[in-house]
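Colleague: I would like to learn how to read this model feature by feature. Please give the general idea each time, then the case at hand.

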Amino acid sequence: MLSVRDLEVSFKTFGGEVQAIRGVSFDLYKGETLAIVGESGCGKSVTANTIMGLIPQPPGRIRNGEVLFKDRDLTKLNKKALREIQGVDISMIFQDPMTALNPTLKIGEQLIEGLRTHHKVSRAEAKRKAVEMLSLVGISNPEERLKQYPHQFSGGMRQRIVIAIALICEPELLIADEPTTALDVTIQAQILELFDEIQRKTGVGVILITHDLGVVAKIADRIAVMYAGKIIEIGNKREIFYDPQHPYTQGLLNSVPRLDLQEEELKPIEGTPPDLFAPPEGCPFAARCPYVMEVCERVYPATTQLTTQHTVDCWLQDERAQAVFS
Ligand code: SF4
Ligand code: MG
């Protein structure tokens, strides 16, 4: 339903131009959850914001690539055309529910307004829909709750309301950027369950941006791992968790606690990601990679197709490098 091709986005700063995304391609299939994971600064939020048309230009610049949705390239649309898509076909949820809600408006008004800005429906119809949405996200007594203000809800409830607002126009795609990071662990689990349930009920496609592999394990169908502005490995959940092929993905998985491996020590990946003002020509993980070879530092590895869904950008998987070493 969504196809991102060769996307390159940079930002002008006082220190120079940061190459935030350096050739990102992926597809999202109808009704699936694709998680984009990686450390902060890897380009995952920039990817989400580019899809949503939220990159301010300048200082941002889409240098190359396209975002195809319903036969249109979203990077080429004007503001008006983009607005027609935002919030209707594609909705976004951010980390902090308070920034998404207006503290001075009753939540009923915010839901109704969200719907009526984009669709010609009567107030009565919009209110009926608002009640339906609050029930969908698990808020009891919806009729009464519509009359309350955001501060009268807990953090977890506020995030449910944000999700209700995001869904009221029945979008085909929901982009969630760290939607549970600001919440405590029990509430996090409830919100993730809610995502699962909503997806089953509505069939909405979800792009989930997160640094939290626990979250990914719960709700993702496929996982794209980003590093230094590139997707270095992508595959279905089983492939990424049980058969990771990129040394960075392996490092990421080794750095989180696993219930089945209580004895083993957690090993954080040593070193830091490269400077994106002047990204390396070769593999950006080379400086931290335990398997680095001479070619890695000179040439960026090609994408190797491992299974129908699993691909990796690493010389270790490239037949040409293997030929040299065998
Ligand atoms: Fe390591 Fe080379 Fe693979 Fe990069 S391409 S992850 S440096 S082995
Ligand atoms: Mg982010």
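**Domains, strands and a ligand shell**

Modeller: The protein chain is divided into domain 1 (2-89 + 171-325) and domain 2 (92-170), with bounds that come from an automatic or database domain assignment. This is a predicted model, in which local features need pLDDT of at least 70, side-chain atom pairs count only at pLDDT 80 or more, and totals for chains, interfaces and linings use all residues. Residues are numbered from 1 along each chain as its sequence is written, while chains are lettered from A and ligands numbered from 1 in the order in which they are written.

Colleague: How many residues of domain 1 are in contact with domain 2?

Modeller: Two residues are in contact if their C-beta atoms, placed from the backbone, lie within 7 Å. Here 19 residues of domain 1 touch 19 residues of domain 2 in this sense. Strand S7 (173-177) and helix H8 (185-202) each give at least two residues to the side of domain 1 that touches domain 2. H8 has the largest share of that side, 6 residues. By class, the side of domain 1 that touches domain 2 has 13 nonpolar, 4 polar and 2 charged residues; Ala, Val, Leu, Ile, Met, Phe, Trp, Tyr, Cys and Pro count as nonpolar, Asp, Glu, Lys and Arg as charged, and the others, Gly among them, as polar. The C-alpha centres of the two domains lie 30 Å apart.

Colleague: You name strands and helices by number. Which strands does S7 pair with?

Modeller: Helices (H or I, at least four residues) and strands (E, at least two) are DSSP runs, numbered from the N terminus. Strands of a sheet pair through backbone hydrogen bonds, either parallel or antiparallel. Two strands count as paired if DSSP finds at least two bridges between them. S7 pairs with strand S6 (residues 90-93) in the parallel sense over 4 bridges, and methionine 92 stands opposite isoleucine 175 in S7. S7 also pairs with S8 in the parallel sense, over 5 bridges. In that pairing isoleucine 175 faces isoleucine 207, and aspartate 177 faces isoleucine 209. On S8 there is also strand S3 (residues 33-37), joined to S8 in parallel by 5 bridges, with threonine 33 partnered by valine 206.

Colleague: What do S7, H8 and S8 make together?

Modeller: A crossover is right-handed if, with the strands pointing away from the viewer, the path from the first strand over the helix to the second runs clockwise. S7, H8 and S8 make a right-handed β-α-β unit.

Colleague: Why is S8 described as largely enclosed?

Modeller: A residue is buried if 20 or more other C-beta atoms lie within 10 Å of its own, exposed if 12 or fewer, and partly exposed in between, with C-beta atoms placed from the backbone. In strand S8 (residues 205-210), 6 of the 6 residues are buried, so S8 is largely enclosed by the rest of the structure. Gly205, Ile207 and Ile209 are on one side, and Val206, Leu208 and Thr210 on the other. S7 is mostly covered, with 5 of its 5 residues buried: Leu173, Ile175 and Asp177 point one way, Leu174 and Ala176 the other.

Colleague: And for a helix, which residues of H1 are buried?

Modeller: They are Lys44, Val46, Thr47, Ala48, Thr50 and Ile51. That makes 6 of the 8 residues of helix H1 (residues 44-51), so H1 is largely enclosed by the rest of the structure. After H1 comes glycine 53, with a positive phi near 70°.

Colleague: Is serine 154 buried or exposed?

Modeller: Serine 154 is exposed, because 10 other C-beta atoms lie within 10 Å. Serine 154 is found in the loop between helix H6 (142-145) and helix H7 (155-167).

Colleague: What is the strand order in the open sheet?

Modeller: The order is S2-S1-S4-S5, with antiparallel pairing. Strand S2 (16-28) and strand S5 (72-73) stand at the edges with a single partner strand each, so one side of each is left without a neighbour in the sheet. Strand S1 (residues 2-13) and S2 pair over 10 bridges, and serine 10 stands opposite glutamine 19 in S2.

Colleague: Last, which residues come nearest to ligand 1?

Modeller: A residue is near a molecule if its C-beta atom, placed from the backbone, lies within 6 Å of it. Of the 14 residues around ligand 1, Cys283, Cys289, Cys296, Cys314 and Trp315 come nearest. The shell divides into 13 nonpolar, 1 polar and no charged residues.
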